[in-house]
Structures are given as C-alpha cells and as structure tokens.
Amino acid sequence: MKTFTGANCSLILGALLLAARSLRLSRAPAAAAALAGLALFVLIVGPDASVLRAALMGAIGLVSLSGGRTGRGLSFLSLAVIGLLMADPALGTSFSFLLSVLATLGIVVAGPRIMEWLPPVVPRWLAAGLAVPLSAQLFCGPVIVLLQPQFSSFALLANMVAAPLVAPVTILGTAAVPLVPLAPWAAVVPMAVAGACAAGVAGVARFFSALPGAALPWPEGPFGAATMVVLSACTLLAMWLILHPRAVWALVLAAHRRTVHLLELWPLFTGLDERRRRGSLRGNNPISGRNQEWPLRKKPDPSRRRQRRPPGAM
C-alpha cells in the first residue's frame, strides 16, 4: 500500500531548493528547477490523485513557511482547493483530502506564528521542527477524533523524534531510484541508509504507542470534534502565554488598573451613597444636618417621683 503525504513533497522541494541555491542560482531558476524535480518525483511515485494532491499541498506549505507570507500561502491554498474540487468533486467527502487541507492550513497559518513566538536563541531548524508538526496536529485533531475517538498523548513528541529520520528516508530513497537501473552498486549505500532510518521511524512509533496513557479515550461525534477544537485553541493560547511573560504581565497590570478605575466609578453609576443613607439606623436632619437617634420609647426617670398628697389634704 502506498502512503504519500505533503511532507514528502516538502522534503523533496526543500532539498532541490537547497541544491539549487548552493549552485548560486537566482530565485526564479531555483524555483523552476525545484518544480521540475518535483514533477519527476511525482512521475516516479505515480501520478495518482492522492500523489498530485499531496505534491500540491506540500509545495504550498513549504513556500508559505519559507517565505513567511501568510496571506499569499492562504491564497495559493484556496486556489488549490478550488481547482481540485472542480476537477474531482468527490474529494469533498474524502477524509484524506480534508486532513491534507487542514494540515497545510495549519502550517500556513499557525506555523510561522509559532516560529516567531519562540525565543531567538532557538535555532531555526529546531523551531521549524516544533512548529510544523504542532500546527498540523492542532488543525487535524478534530477530524482525527471523528475517525478514531482517542487522544494520542505522545503524538507531537513522537513526530519530533521521528522527523530527523523521515528526511533521509524520502531523499535518499528517491535518489536511489534512478541509480538502480544505471549503477546498482551506487544505490546500495543510499538504500541501506534509507532502510535503517525507516526502521528507526517504525521503532519510534512502537515505543511511544506502548507507553502508559499513549491513547486516551475521547468523546465521539460532533461533541468530540468540538471539544478537540477547544483543546487546540487552549493549547495555542497557553503556548503564547508561556512564551510571552512580559506581555502577559503587562496585560495583568492593565487589567488591574482598569478594575480599580471601575470600582472607583461604581458608586457614581449605582447611587450607592443614597442606599447607605436609607439603610442606616440614623437619619440626617435635612435642616440642621445633625444625626438623630431612631425614635425609641422613653424610659421613666427615677429622679422624678410621683408627689403624694399630705394627710388631711383635700
């Protein structure tokens, strides 16, 4: 069974662009050479619908991520989706097509943002190694839950560990294909390295899938997808809060000042002073302004005794 994703095309395009730039080609000839190499790669694998879709999505994701222009990447992605749906309307009901579009959308929209959030001390290759799988997983998570209602706790970590092994598998395996009929002896080394890296990817998958809590149960249906959307949004928010402590502290201070200001203005809007007057046990004399005691029953004065009549008085 053949598995082909946009990540494979992104690796091929990246390697071809790097090779073209190392030969000191300008941007336009380098892009043309990379696209020509990608076309040959698609012909080698087989120009199926899934291959063409993955090649197109991978090219869009890599161009957007390397160029850092989110608006242009979104435009290319929209045109690609419209063109593919017009060519084959049945793709609208395909989960593989939806996952491919969502993964590319995540890389285009959230990938560059996550790379910008990371501190400058983090190398760019490491930032991309974190941003690409994280953004793709966050956007594809709600659809994956519909297919398999569970949460893979170590999916991001497993993808990051296996990412360095995927590139040799794709690049060296592709390079060995034309060498097999021309010089079989020269294809032994790249095929051996690609096979060892493929075994490493399988080992990483088996290791993380065997860990306790690797697959946690998750709600099914639309409710599960909605909760996964909330989890993805909370993950992005938590990541931004962690990576921007100064901005968070400034927001907290601003919220505190705003709250204090509203509390100071609260009596003016609610008439709190009038309610205090009405509910007290003392009343204000509107004429003198003196506080008067609540009218209570007077107690008898013991000094004022009742006078008795003298004996014999009329």
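Mentor: Gladly, and please keep in mind that this is a predicted model. The second largest pocket has 17 lining residues, and those nearest its centre are Gln137, Phe151, Ser152, Ala155 and Met228.

Trainee: Which elements give two or more residues to that lining?

Mentor: Those elements are α7 (124-147), β1 (150-152), α8 (155-182) and α10 (221-243), and the largest share, 6 residues, comes from α7.

Trainee: What's the volume of the second largest pocket, and what classes of residue line it?

Mentor: Its volume is about 340 Å³, and the lining of the second largest pocket is made up of 9 nonpolar and 8 polar residues, with no charged residues.

Trainee: Switching to Ser135, is that one buried or exposed, and why?

Mentor: Ser135, which lies in helix α7, counts as buried because its relative accessibility is 1%, and the cut-off for buried is under 20%. Leaving aside residues up to four places away in sequence, Ser135 touches Gly106, Ile107, Ala110, Gly111 and Ile114.

Trainee: And the largest nonpolar core, how many residues are in that?

Mentor: The largest nonpolar core has 11 residues, including Ala110, Ile114, Trp117, Leu130 and Met239. Two elements, α6 (111-117) and α7, each give two or more residues to this core, with α7 giving the most, 5 residues.

Trainee: What does Leu130 touch?

Mentor: Not counting residues up to four places away in sequence, Leu130 touches Leu118, Leu156, Met160 and Met239.

Conventions: Residues are numbered from 1 along each chain as its sequence is written. This is a predicted model: local features need pLDDT of at least 70, side-chain atom pairs count only at pLDDT 80 or more; totals for chains, interfaces and linings use all residues. Side-chain values use heavy atoms; hydrogens and water are left out. On a 1 Å grid over the protein atoms alone, a cavity is a set of points where a 1.4 Å probe fits but cannot get out, and a pocket is an open set with protein on both sides within 12 Å along at least five of seven lines; lining residues have an atom within 4 Å of a point. Grid points are joined across faces, edges and corners, and a volume is the space filled by probe spheres set on the points. Helices (H or I, at least four residues) and strands (E, at least two) are DSSP runs, numbered from the N terminus. Ala, Val, Leu, Ile, Met, Phe, Trp, Tyr, Cys and Pro count as nonpolar, Asp, Glu, Lys and Arg as charged, and the others, Gly among them, as polar. Buried means under 20% relative accessible area, exposed over 50%, partly exposed in between (1.4 Å probe, protein chains only). Contact means heavy atoms within 4.5 Å. A nonpolar core is a set of buried Ala, Val, Leu, Ile, Met, Phe, Trp, Tyr and Cys residues joined through side-chain atoms within 4.5 Å.
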